Amino acid sequence: MKVTLKIWRQKNSNDKGQFVKYAVDDVDGEMSILECLDVLNESLILRGEVPVAFEHDCREGICGSCGFVINGVAHGPERATTACQLTMRHFKDGDEITLEPWRAKAFPLVKDLVVNRRALDHIIEAGGYISVGTGQAPEANGLPIGKEVADQSMDAAACIGCGACVAACPNAAAALFTGAKITHLGVLPQGETEKDRRALAMVAQMNAEGFGNCTNIGECTGACPKEIPLDVIAKMNRDYLCGSFQRRDDLPTPITPVVEGA
Amino acid sequence: MGNTGVIPHHPHPVSFWQSSNGKKVVMAVTGAIMFCFIVGHMIGNLQMFLPPEHINAYGHFLHHDITEELWIIRGILLLALALHVTATVQLALRSQAARPIGYSRKEAINSSYASRTMYWSGPIVLAFLIFHLLQFTAGYIHPQAQFVAGDVYGNVASGFRVWWVSAWYIFALCLLGLHLSHGLWSAFQSIGCAHPRLTRCLKISAQAIAVLIVLGYISIPISVLLGVIK
């Protein structure tokens with residue numbers, strides 16, 4: 001099949017950037033959209049043009065490297081699917097497919113479809129440590145955790161940090177990401193000790209990074225390739241609210257956010 | 001892009017009110033306060049279906065028997081409204097700044113119409129509220145009829161007999177219903193109250209309550225236009 005890829009091309013963060021249309025022939029339905037871009041890039045290199053920059057690593061939907069907005073939807077039209085797992089059979093012969101990078105102030109554009117997502121790393125960093133006994137591995141049944149709680153934690157921990165939630169949110173909020181990170185430790189006994197401080201610090205960092213606010217509309221969870229539920233945002237809000245009331249120490253200060261050049 | 005150095009901390013923390021999460025908690029609480037008023041006001045209004053003495057006596061009771069208490073309630077409501085609007089404006093500006101370059105194409109895949117239009121339904125309902133207070137509380141605007149202080153029944157009936165007053169009222173109340181159908185559920189999410197079972201129940205209840213409130217309010221102008229209330 002043949003498709004036209006309408007791709008955002010931008011040399012660097014200072015460049016203005018614009019859409020460029022590329023016709024790609026010989027597209028196989030079994031190709032992923034990243035492989036389709038590989039084919040396009042091969043032909044661009046042969047023609048002496050600059051290939052399209054896009055992030056990718058594992059190509060099996062678990063690393064969180066890839067991702068861009070495909071036809072107005074983060075990671076494309078299939079639910080619970082990363083861009084690397086999105087096969088071309090979901091498009092029709094002759095389709096024009098629009099590829100755009102994640103758009104958020106907190107994600108400065110690096111090149112073409114690649115954005116700097118270090119702001120998400122800053123939020124994780126702000127979460128800090130958990131207190132665990134070191135030394136020998138503890139007895140596996142020494143700390144019983146109910147299955148429901150383990151499942152809740154595991155569902156949140158499935159977050160691969162791709163940034164699709166921010167991209168899909170009309171407010172460019174990172175609430176689902178931060179909520180997932182807060183929930184996956186916060187519901188477990190191992191994360192109990194630092195629960196309040198962690199919520200305060202991670203929320204402070206999320207705000208400092210210049211993400212928007214959460215209006216609870218649910219676009220994030222629809223775009224999330226790991227289908228992380230909206231409940232994690234409520235968990236973040238609950239831990240933040242409780243932490244704000246219970247704290248005795250000074251509020252944690254955020255590290256210099258990405259938008260301010262760190 | 002290797003960055004192994006230590007990133008310096010900001011000198012100032014993010015306070016509760018400075019955080020978007022804190023502002024949303026304020027919006028949830030103030031929204032709940034205003035919702036209580038909406039319910040109370042609707043029950044008061046439904047006395048229009050009783051003989052005129054009932055609602056006129058109720059109006060007299062509010063304005064003359066509990067004057068001080070009424071001003072305290074009005075103060076709380078005004079404060080709630082001011083905080084709700086302030087937080088909204090600040091958050092809307094922040095969200096706008098969070099995405100300086102928009103998408104050329106963006107599809108909504110998982111959100112309700114009501115939730116996406118909160119920024120529209122809110123201000124329109126606020127504009128309506130001002131008009132509504134000027135018409136029925138202050139009596140400054142009372143098209144095509146004479147506002148009679150104390151005659152609640154007569155004022156409502158003569159006010160709604162003007163077709164565009166009724167139309168504007170019904171339109172604004174439908175928007176209020178949309179606003180509530182998302183807001184009532186969203187408030188619970190903002191204060192951190194969510195559970196897979198609870199969430200489903202809350203979403204359905206929010207929509208049912210919003211529909212009941214809209215029907216309760218718009219039944220009055222419709223009845224006036226149909227001649228049930230004279």
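Predicted model: local features only at pLDDT ≥ 70, side-chain atom pairs only at ≥ 80, totals over all residues.

Me: Which strands are the edge strands of the open sheet in chain A?
Reply: The sheet has 5 strands with mixed pairing, in the order β2-β1-β5-β3-β4. An edge strand pairs on one side only. In chain A the edge strands are β2 (18-24) and β4 (73-74).

Me: Which residue in β2(A) stands opposite A:Ile7?
Reply: Strands of a sheet pair through backbone hydrogen bonds, either parallel or antiparallel. Strand β1 (residues 3-9) of chain A pairs with β2(A) in the antiparallel sense, over 7 bridges. The residue opposite A:Ile7 is A:Val20.

Me: At what angle does helix α1 of chain A run to β1(A)?
Reply: This helix takes in residues 33-46 of chain A. It lies across β1, β2, β3 (69-70) and β5 (96-100) of chain A. Its angle to β1(A) is about 80°.

Me: How many residues apart are A:Arg117 and A:Glu55, which form a salt bridge?
Reply: The closest N and O atoms of A:Arg117 and A:Glu55 are 3.2 Å apart, and the rule for a salt bridge asks for a distance within 4 Å. A:Arg117 is in the loop between β7 (114-115) and α2 (118-127) of chain A, and A:Glu55 is in the loop between α1 and β3 of chain A. The pair thus links distant parts of the chain, 62 residues apart.

Me: How many salt bridges does the rule find across the interface of chain B and chain A?
Reply: Over all chains the count comes to 10 salt bridges. The contact takes 52 residues from chain B and 59 residues from chain A. Between the two chains, 34 residue pairs are in polar contact, both at pLDDT 80 or more. The number of salt bridges across the interface is 0.

Me: What area is buried between chain B and chain A?
Reply: Carbon and sulfur atoms give 51% of this area. The elements of chain B that give two or more residues to the side touching chain A are α1 (20-45), α3 (67-98), α4 (113-116), α7 (163-190) and α8 (196-226). The residues of that side divide into 22 nonpolar, 23 polar and 7 charged. The buried area is about 4500 Å².

Technical notes
Residues numbered from 1 in each chain as written. Chains lettered and ligands numbered in written order. Heavy atoms only, no water. Contact = heavy atoms within 4.5 Å. Buried area = accessible area lost by both parts, 1.4 Å probe. Salt bridge = Lys/Arg side-chain N within 4 Å of Asp/Glu carboxyl O. Polar contact = N/O pair within 3.5 Å; in protein donor to acceptor, adjacent residues only side chain to side chain. Helix = DSSP H or I, 4+ residues; strand = E, 2+ residues; numbered from the N terminus. Nonpolar A, V, L, I, M, F, W, Y, C, P; charged D, E, K, R; others polar. Pairing = 2+ DSSP bridges. Axes fitted to C-alpha atoms, helices over the stretch in contact; angles between N-to-C directions.
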